[in-house]
Amino acid sequence: MKTNLHVTAVRLPQESTLAARFGEADLADAFAVTLPAGSPLDLDGWAAATLTHPPRWIAALLTMRDTAVRGLGLKTTLALRQSAQARPGEYVDFFRVQSRSPSEIVMGEDDHHLDFRLSLLLRALPGGKGHQLVATTVVYCHNRLGHAYLTAIRPFHRLVVRSNLRRAALWIP
């Protein structure tokens, strides 16, 4: 199956369960990739394909992030993964599932510096021309540390989301 691996910035999806809080966010963005024709509509499979087994460069960024925030009392990916292992089925990699529907999984964490949400939404394209996988990120900062953290990760955020969606589009069970 051939697919268009072009990931595009899209409007924040109003059909998302996060839509009511978009206006309050310190960061709210969405990116989409068109799925190959005939792709399964298995949202759990798409979530796993998007978020598990990141490429080395993303793993290296996570390691640098964990090293930088360890002394600040923020949750590290190691701590999040340990929580995930203790509660199978409640996480996708180290992302805790907040809510789930047939077309959307919302994941995220609340911490003292900020709250983070990631929505993965499967939506039909107009005219029955297939489906898109839409990744929406929403961040709410609580204090200066949250704003400083968001400023530090913002340059990498778009690259990571685009890369993960592009990789996911290659997933066919």
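This is a predicted model: local features need pLDDT of at least 70, side-chain atom pairs count only at pLDDT 80 or more; totals for chains, interfaces and linings use all residues.
Student: Let's start with helix 2. How do you know that its length fits its residue count?

Tutor: Helix 2 covers residues 56-69, so that's 14 residues, and at 1.5 Å a residue they should span 20 Å. The end C-alpha atoms are 20 Å apart, which agrees.

Student: Which residues of helix 2 are buried?

Tutor: Ile-58, Leu-61, Leu-62, Arg-65, Asp-66 and Val-69. They cover an arc of only 135° around the axis, so they sit on the same side of helix 2. To be called buried, a residue has to be under 20% relative accessible area.

Student: And what is on the face turned away from that buried side?

Tutor: That face carries the exposed residues Arg-56, Met-64, Thr-67 and Ala-68.

Student: Ala-59 also lies in helix 2. Why is Ala-59 called partly exposed?

Tutor: Its relative accessible area is 31%. Buried needs under 20% and exposed needs over 50%, so a value in between is partly exposed.

Student: Where is the kink in helix 4?

Tutor: At Arg-154, shortly before the proline Pro-155, with a bend of about 50°.

Student: Which residues of helix 4 are buried?

Tutor: Among them are Gly-146, Tyr-149, Leu-150, His-157 and Val-161. Ser-163, Asn-164, Leu-165 and Ala-168 are buried too.

Student: What about Arg-162 and Arg-166: what makes them partly exposed?

Tutor: Arg-162 is found in helix 4 and has a relative accessible area of 22%, so it counts as partly exposed. Arg-166, also placed in helix 4, has 35% relative accessibility and therefore gets that label as well. Both values fall between the 20% and 50% cut-offs.

Student: How far apart in space are Arg-166 and Leu-35?

Tutor: 9.8 Å, C-alpha to C-alpha, although they are 131 residues apart in sequence. Arg-162 and Glu-109 are 53 residues apart in sequence and 21 Å apart in space.

Student: Now the charges. What makes Arg-100 and Asp-44 a salt bridge?

Tutor: Their N to O distance is 2.2 Å, and the rule asks for a side-chain nitrogen of Lys or Arg within 4 Å of a carboxyl oxygen of Asp or Glu, so the pair qualifies. Arg-100 lies in strand 4 and Asp-44 in helix 1, so the bridge ties together parts that are 56 residues apart in sequence. Arg-100, at 45%, counts as partly exposed, and so does Asp-44, at 42%.

Student: How many salt bridges does the rule give?

Tutor: The count comes to 6. One of them joins Glu-15 and Arg-123, with the closest N and O atoms 3.3 Å apart. This pair links distant parts of the chain, 108 residues apart: Glu-15 is in the loop between strand 1 and strand 2, and Arg-123 is in strand 6. Glu-15 is partly exposed at 44% relative accessibility. Glu-24 and Arg-21 form a salt bridge too, at 3.4 Å, and Arg-21 is partly exposed at 36%.

Student: What is the phi of His-53?

Tutor: Positive, at about 55°, although His-53 is not a glycine.

Student: Is His-53 buried or exposed, and how do you know?

Tutor: His-53 has a relative accessible area of 70%, which is over the 50% cut-off, so the label is exposed. This residue is found in the loop between helix 1 and helix 2. Asp-93, in the loop between strand 3 and strand 4, has 21% and is therefore partly exposed.

Definitions and conventions:
Residues are numbered from 1 along each chain as its sequence is written. Side-chain values use heavy atoms; hydrogens and water are left out. Helices (H or I, at least four residues) and strands (E, at least two) are DSSP runs, numbered from the N terminus. The expected span of a helix is 1.5 Å times one less than its number of residues. Buried means under 20% relative accessible area, exposed over 50%, partly exposed in between (1.4 Å probe, protein chains only). The arc is that of the directions from the helix axis to the C-beta atoms. The bend at a residue is the angle between axes fitted to the seven residues ending there and the seven starting there.
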